[in-house]
Amino acid sequence: MIETIGVLGGGQLGRMLTLEAKRMGFRVVTLEPLPNSPCGQVADEQIVAAYDDLRAIGELGARSDVVTYEFENIPLDSVLSLESDRRLVRPDARVLHVAQDRLLEKAFLRDIGCLVAPFARVGDQRELEAAMQSVGFSAVIKTVSGGYDGKNQWVVRDEAGAREAFAAARGALSIFERFVPFDCEVSIICARGADGTIVHFPVTENIHDHGVLATTIVPARVGEDVVEQVRHQAAQIGAALEIVGTYCIEFFVCERALYVNEIAPRVHNSGHYSLDATQISQYEAHVRAICDLPLVEPRLIAPAVMVNILGSGTGDRLEGVADLLRDPDVKLHLYGKRHAALRRKMGHFTVLGPNPAAALEKAEAGRRLLSWRRRVEAVPA
Ligand SMILES: Nc1ncnc2c1ncn2[C@@H]1O[C@H](COP(=O)(O)OP(=O)(O)O)[C@@H](O)[C@H]1O
Ligand SMILES: [Mg+2]
């Protein structure tokens, strides 16, 4: 029987996962290098250790009945060591291996018949020259591992730009991907159980700013044919990888084609809305899937827009909260992070609306109310 869930990673995704797991009666232990992490603040215990500290990882495994992760940059060896100790890890190491390596991921997607942007491997200068010829411009150069929120990636328009970007990557193994001139970006959250059951959340439309998610609109403003294809391909990917848990697939929608961008084998930022707008959240679905509880089809209660509250580097105190909360359709979530560094994810709010356009209008008005100011420190008497 599963009583305790171990979570690798202590960020906001782990925090919201933990809050849902605790509501459902589970114990949660997280492992994360920084003390008092967003997840550690709400979990039963936090093991403060590096992700590659195999002794601490073993300790997490010993204290948990199932181990999961809230981001994919966990060293593969840590998950492999849990599995070799015969600990249950969901999703398993094979899934993590594919999802944390952009080259493996793109090759896997292409091999199962999904359309992906033309790409090539770039490990040295010679491969860079070859990639520029075979893939062409514009393009995006991304390090194969370790990137998130648009970090470690560069949009390049010509050969000089590509050489400069590869130099900025300091020789890290990279992928050279054709830039897709998309009409919009969409994603879907699914959850898959060990018995192969798959449930789908609604397709969402995502707007990014500098590679960081800014806004999610649900349902996405795309045709029924796109929705059908997204659902079908996401189920196909989940089944092919035998994912157990919640996962997210990101897509680029072009006029006539649907490209898969990436696989996140975990709860995802574009699914935050589900805490407030569907009868079961992506976090609850994950708990159900990894604990062998029944999965049910999520139902959208109301159209919604989720706005990420990002740091601006101008201070750590969030102003405008009282004004934002005057709107009865706004639900605020803050993650307990102290420093609001530039573009750091500090919280989000969800607006429920009668339709996506009305919710979007309120969301933009809400965003304008918020700003970061310097904390006023108490002056000693
Ligand atoms: N090939 C591409 N064509 C167009 N835009 C891209 C491409 N790759 C990435 N982007 C943009 O950058 C964002 C972040 O890239 P992504 O590959 O999803 O990395 P991350 O792991 O940081 O989320 C995407 O959501 C998209 O807006
Ligand atoms: Mg992404």
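A nonpolar core is a set of buried Ala, Val, Leu, Ile, Met, Phe, Trp, Tyr and Cys residues joined through side-chain atoms within 4.5 Å. Keep that in mind for the first stop. The model on screen is predicted.

**Stop 1: the cores**

Select Leu8, Ile237 and Ile249. The largest nonpolar core has 50 residues, and these three touch the most other members. Now colour helix H8, residues 224-241. Helix H8 gives the most to this core, with seven residues.

Zoom in on Leu8. Leaving out residues up to four places away in sequence, Leu8 touches Leu31, Ile57, Leu60, Val67, Thr68, Tyr69, Glu70, Phe71, Ile74, Val79 and Leu82. Next, pick Ile2, Val66, Ile290 and Cys291. They are among the 17 residues of a second, separate core. In soluble globular proteins, nonpolar side chains tend to be buried together.

**Stop 2: Gly11**

Step along to Gly11. Gly11 sits in the loop between strand S1 (4-8) and helix H1 (12-23). Is Gly11 buried or exposed? Its relative accessible area is 17%, and buried means under 20%, so Gly11 is buried.

Show what surrounds Gly11. Not counting residues up to four places away in sequence, Gly11 touches Glu32, Pro38, Cys39 and Glu70. Gly11 and Tyr335 are 324 residues apart along the chain, yet their C-alpha atoms are separated by 8.2 Å.

**Stop 3: ligand 1**

Centre the view on ligand 1. It is surrounded by 18 residues, and the closest are Lys142, Gly150, Val180, Glu185 and Asn261.

- Asp149: a polar backbone atom is 3.0 Å from an oxygen atom of ligand 1.
- Glu177: a polar side-chain atom lies 2.9 Å from a nitrogen atom of ligand 1.
- Glu185: a polar side-chain atom lies 2.6 Å from an oxygen atom of ligand 1.

Stay with Glu185. This residue belongs to strand S9 (residues 184-192). Which side chain of opposite charge is nearest to Glu185? It is Lys142, 8.3 Å away. A salt bridge needs a side-chain nitrogen within 4 Å of a carboxyl oxygen, so Glu185 has none, although it is buried.

Turn to His208. The side chains of Glu185 and His208 are joined by a polar contact of 2.9 Å. His208 is also one of the residues that Glu185 touches beyond four places in sequence, along with Thr204, Glu205, Asn206, Phe251 and Phe252.

Now select Glu177 and Lys142 together. Their side chains meet in a salt bridge of 3.1 Å, N to O. Glu177 is in strand S8 (residues 174-178) and Lys142 in strand S6 (residues 139-143), so this pair links parts of the chain 35 residues apart. Both Glu177 and Lys142 are buried.

**Stop 4: salt bridges elsewhere**

Side chains of opposite charge can pair when their charged atoms come close. How many salt bridges does the model hold? The count comes to 25.

Select Asp44 and Lys22. Their side chains form a salt bridge, with N to O at 2.8 Å. Asp44 lies in the loop between strand S2 (27-31) and strand S3 (45-47) and Lys22 in helix H1, so the pair ties together parts that are 22 residues apart in sequence. Asp44 counts as partly exposed, at 35% relative accessibility. Lys22 is partly exposed too, at 31%.

Move to Glu129 and Arg163. The closest N and O atoms of this salt bridge are 3.1 Å apart. Glu129 is partly exposed at 29% relative accessibility. Arg163 is partly exposed at 34%.

Finally, show Glu20, Arg23, Glu284 and Arg288. Salt bridges that share partners join them into one network.

Definitions and conventions
Residues numbered from 1 in each chain as written. Chains lettered and ligands numbered in written order. Predicted model: local features only at pLDDT ≥ 70, side-chain atom pairs only at ≥ 80, totals over all residues. Heavy atoms only, no water. Buried < 20%, exposed > 50% of the residue type's maximum accessible area, 1.4 Å probe, protein only. Helix = DSSP H or I, 4+ residues; strand = E, 2+ residues; numbered from the N terminus. Contact = heavy atoms within 4.5 Å. Lys, Arg positive; Asp, Glu negative; His and termini not counted. Polar contact = N/O pair within 3.5 Å; in protein donor to acceptor, adjacent residues only side chain to side chain. Near = heavy atom within 4 Å.
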